[in-house]
Amino acid sequence: MRRLRNSILRNCILAVALGGLPAAPPPADGDIAIVVRADVPVDNLTFAELRRVMLGDRQFWASNLKVTLLVRAPGAREREVVLKTIYQMSEAQFRQYWIAKVFRAEAASGPRIVYSNETATELASAIPGAIAFVEALQAPKGLKILKINGVLPGDKAYPLR
Amino acid sequence: MIGTTISHYRILSTLGSGGMGVVYQAEDSRLGRTVAVKFLPESLAADRAAIERFQREARAVSALNHPNICTLFDVDRDRNDGRPFLVMEYLQGKTLKEHIDGAPLSLDELLELAIQIADALDAAHAKAVVHRDIKPANIFVTTRGQIKIMDFGLAKVTEAAMAADFGGDASDPSQMPTAVFDAHLTNPGSTVGTVAYMSPEQARGENLDVRTDLFSCGVVLYEMATRRSPFHGNSVALTFVGILHDTPARPSQVRPDLPAELDRIIFKALEKKRDLRYQSAAELRADLKRLLRDTDSGRISVGTEAATGSRSSVSARAAVRPPSGPQPAAAPSAPAAPTRPSSAEYVVTAVRRNWRATALILACVAVLAAAAIYFLSGGSAMNSLAVLPFVNVGGDPAIEYLSDGISESIINDLSQLPKLGVRSFSSVSRYKGKDLSPAAAGKELKVQAVVTGRLVKRGDEFRVNVELIDVAGDRQIWGSQYTRKAADILAIQEQISREISEKLKMRLSGEQKQRITRRATEDSEAYQMYLQGRYFWNKRTLEGVQQSLDFFNQAIQRDPRYALAYAGQADAYALLGDLNVLPAREVTPKVKAAASKALELDDTLGEAHTSLAYARLHEWDWTGAEKEFKRAIELNPSYPTAHAWYGEYLIVSGRFDAALAEINRGNELNPLSPVTNLALAARFYYARDYPRAIEQAQQTLAMDASFTAARVLLGRAWLERKAYAQAAAEFRKALQLSDGDTNDLAALGLSFAASRQAAEARKILDQLKERSQQTYVQPMWLAVIYVALGDSDQAFDSIQEAYEDRSTWLVYLKVDPLFDPIRQDPRFTDLLHRVGLN
C-alpha cells in the first residue's frame, strides 16, 4: 500500500516536473535530437539560429556560457543528417570550412569529434554549453532536447531526420 | 684468482684495482655472458652490519635502470673468505680520467658527455640514491661514446663503515663529521685524487644530499674543460682548504675557446654553499643542453671576446664553417673587400677558354670523387641507403607516429651527408607493414644498404632495435639496441644517426658532423609533436593538413625557438593554398612569416628556404623564389620537397628540360612517392606530351589509387586527347574518393564543358557559386569552365577575381593548356605581364 502511494506520488512529481512533455509527440525513429544541458538558457532555436550556432557564427549561449559543438565522426548517421540539413555541405567542404574558420581566427577550434552517442551525451552532460546530436529515441533523460522552429523530434515539421 | 670460479662466475682476467677493491673480467656460466666482478675491501668482510648495509644499498642501486649507469647484476659473498663482491655490466672503453688525459675534449663532446652524466645523476637522485664519489675514475666512456657511471651507492657503504670504525653512528651521518674529516686528513689510504672531488659539506663531514654529487660533477666538468683540477693542493689538507675557501680560475681563462656560459654553469655547480648551487641534476642538465643547442645554432660566441663579455658577431660555428655557395647579395653599403678569383672561378675561366678541358676536368673530378668515396669507405663504396619505416612492434596506435617519425628523422639527418643518396621517407613508407625482407626492399629501392628498426614501448620506456643490412650480401653490418625513457627520444635518434654514419665510414668534416647530429630542439615533447605534424602533413589531405598544423603549433608553443617546427607550419599553410582551402592572398603571407621565423632561428635549414621559396613564387617574385630554391637544395640536396617544388617552378617558367632534370632528381630520392611521380606527370602534361602524362599519371595511381590529384591530372590529360568519357570517369572517381571536394566537382564541370554538355557544366557552375558562399572556391576553376564553354568575358571576370585572390593557379598561366583558347586575347597578355610571366 505504502509502495503504491509512493509510486503515484513519484509519477505526479515527474508529471509536474516535465510540464508540457506529455503534449509533445513521441520521438520518431530516425529523428535526430539536439541535446544540451538543462542550464543552457535556450529551449527553442529557429533553423537559421541553429545554423549560426553550428557554423560557429554564434559562439555563446549567454555572455558567460560558450557553445561547444559535439559532432559524430564520419560514417555516423547523426553526422550525415547534420551535414546535409544544417551545414548543407559535403564532408570535404565541412573540413574545409572549419580549417578556414580556425585559420582566420574566427573560431578557436572546430567541433569536437565524438565516436558514439554515449560519448556525445556524456560530454553534453559534462561540458557546460555543449550541444550534441543523437538519435531522438536514445536521447537521455537528464539532457534538454531543443526545439527547432518550435517543434520537437517526432513532429512532422521537425527538420533533422 | 685468475681461472678460479666464484659462485658461477669464472674469473678470466684482472681489469683494474683501486681503493674500492679489485675488478675482474669474468664469465657468468649460467647466462653465458661476460661480466665485471668487483671484490670489496677485506675490511668490510668482517663487519656483518656493514655487509648488510652494503646489500641493502646494492638492492637500491640495482633498481637503477638507466643507460648511463653501469648496471649492477648481483651482490654476493665469496664462500671461501666471505669477501663481498659485486657483479656488474662489463664495459669496453676507458674511464673518463683516461679519456681526459688523452686529447683535449671539444666543446661538443664535453657537453654531450656532461649531459649524460647529469642525466644519470638525475635518474639516481630521483630514486634517492646519492653517489657521493663522483670522479672521472668512476665514470666510464664506452667505445660508443656512452657514459656509464660506476659504483653508485658504494661510497655511502664504505663511508659508513669508516665512520663506524671511528665510533660514529653510521645511520646518522651528522654524527660523523670530525671523524670522517680527520680520517681524510690522516688516513694514508685517502688520496688527493679522491679528496679533490669532494663537496665542501662532504669535506666538513656534514649531512649529505644530492647536491654533493652536483658539486663533484662541477669538479669533473672543470677537469673535462681544462684538464686540470680546480682545487689542486700539494697535500690533502691544502686540497681541503681549496675546496672550502678558494675560487678556481675560470675555465675560459685556461682555455680561451670555451664560452663564458660554460664558466657560469661550472661555477654554479661549484658553489660552496649548497643553497646557491644547482638544486638538482635536472637543472644542471637543462643548462648544459641549452648551451649545446645554442652552440649548435651558432648563437654562443666564444673566444676571448666572449670571455671578456664583449659582443662578437663571429659564432663558434661560423668561425669554422667553410664558405658555402651563393649568398644573398651584400647590402650596397657594405664595404667591398678586395677579392681575387676563387679556385672555382679559375676553373670556370679555364673551361671557357678550352671546352675540351671541361670534359677532362669533369672526368678527373668524377674519377677522384669515386675513388675518394671508395677509399674513405674502407674499400667498399657505399653511397646509397634506405631507412625503412621502423616497426611498431606492439601496434600501439599512440606511438605509430613515432615509429614513422624516427625513421623520417634519421632520413632527414643522413640526407645531409654528401655523397650518400638516402631514399626519402615517402619512398620507403610503401614498405610499412609489408612482409618483405630488408634485402628485397633494398633491391627494389636500388640501394646498397638498408636500415631497419623495431620500436617497443613498455611503460614509459622505449626500446629501439636497429640493424644496418648490406643488401647485396643480405647480411647485418651493424646492429644495436637502445632503451630510453620516452623523454629521451631525441637522444636515440641522434645516437642511431651517428652510429649509422660511422658504419658507413663517411669521413665527416666538423660541420657535417655537427649537422648530422644537430638537435633542433632540446624539448623532446616538441620534437614528438613535430614528428606527428610531419606524419600528418605527408598525407596531403584536408584532414592531414589540419592535424599537422595543430601539431606544428603545439611544437612551437613548447619550444618557441624550434626552427624546424616553423618550417613545418609554413609548409602546412602552403598546403592550405595548394588544396584551395583558402585564397593565396590569405595563406602566402603566413607561409612567408613562418618560413622567415624559421630562418631567423636557423638560416642553414634547407626546409625553411624551400618554404620561403614557395611564398616568393606566389608573390610572383620569380628571381627571389629561384634563389631560395637553389639555396635550399644547396643546403639540403636530399630534401625531396625542395626538388619537387623547384621542379614546379621550372615548369611554370616554361623551362621544361630543367624541370625534368629537377623532378627526376626528386624521383631518384623518392622513387615510390606518388607526389614526386605526379610531378613528372605534370611536367609532361604542361609540356603538351599527353601520352606520357597519361602513362605517368596512371603509374602514379598504381602506387596510390586514392590519390585524387593524380586522377584530376589524368582526367585533364584525357580531355586534351578529347577522350571525354575517360576524363569524366576520373573526375567522378576523384569526387567520390574525396567526399565531395570542390576541386573535383569543378573538374567534372570542366569535362562537361569540354564535351559540349553545356547544361550540365552550367549546373556545376551554379553549385560552385553556391558553395563559394560558405567555402573558398578557386575562381580559376570557374574560369577554365567558362573558357571551355567559349565564354571569354565570364572567364576573364573569374580570372580577375583569381588575380585579386593571388590564386596559386596564376603562376601556371604561361603553360596551362586550358587557357590556350584565350591565349591570344590582349587581356591574357596583360595578365601574364601583371603576374610577371611575360
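Modeller: Let us begin with a rule for helices: the expected span of a helix is 1.5 Å times one less than its number of residues. Please keep in mind throughout that this is a predicted model.

Colleague: How do you know that the length of helix α23 of chain B agrees with its number of residues?

Modeller: Helix α23 of chain B covers residues 524–537, and its 14 residues should span 20 Å at 1.5 Å a residue. The C-alpha atoms at its ends are 20 Å apart, so the value agrees with the expectation.

Colleague: What makes α23(B) largely enclosed by the rest of the structure?

Modeller: A residue is called buried if 20 or more other C-beta atoms lie within 10 Å of its own, and 13 of the 14 residues of α23(B) are buried, so the helix is largely enclosed. For chain B as a whole, buried residues make up 49% of its 838 residues, and the chain has 39 helices and 15 strands.

Colleague: Why is A:V114 called buried?

Modeller: A:V114 has 24 C-beta neighbours inside 10 Å, and since the cut-off is 20 or more, A:V114 counts as buried. This residue lies in strand β6 of chain A, residues 112–114, and, leaving aside neighbours within four places in sequence, A:V114 is in contact with A:L70, A:R72, A:T119, A:A120 and A:L123.

Colleague: What makes β5(B) and β6(B) count as paired strands?

Modeller: Pairing requires at least two bridges between two strands, and five bridges join β5 (residues 72–77) to β6 (residues 84–89) in chain B, so the two strands pair, running antiparallel.

Colleague: How many residues does each chain bring to the contact between A and B?

Modeller: Chain A gives eleven residues and chain B gives 15 residues; those on the chain A side divide into six nonpolar, three polar and two charged.

Notes: Residues are numbered from 1 along each chain as its sequence is written. Chains are lettered from A and ligands numbered from 1 in the order in which they are written. This is a predicted model: local features need pLDDT of at least 70, side-chain atom pairs count only at pLDDT 80 or more; totals for chains, interfaces and linings use all residues. Two residues are in contact if their C-beta atoms, placed from the backbone, lie within 7 Å. Ala, Val, Leu, Ile, Met, Phe, Trp, Tyr, Cys and Pro count as nonpolar, Asp, Glu, Lys and Arg as charged, and the others, Gly among them, as polar. Helices (H or I, at least four residues) and strands (E, at least two) are DSSP runs, numbered from the N terminus. A residue is buried if 20 or more other C-beta atoms lie within 10 Å of its own, exposed if 12 or fewer, and partly exposed in between; C-beta atoms are placed from the backbone.
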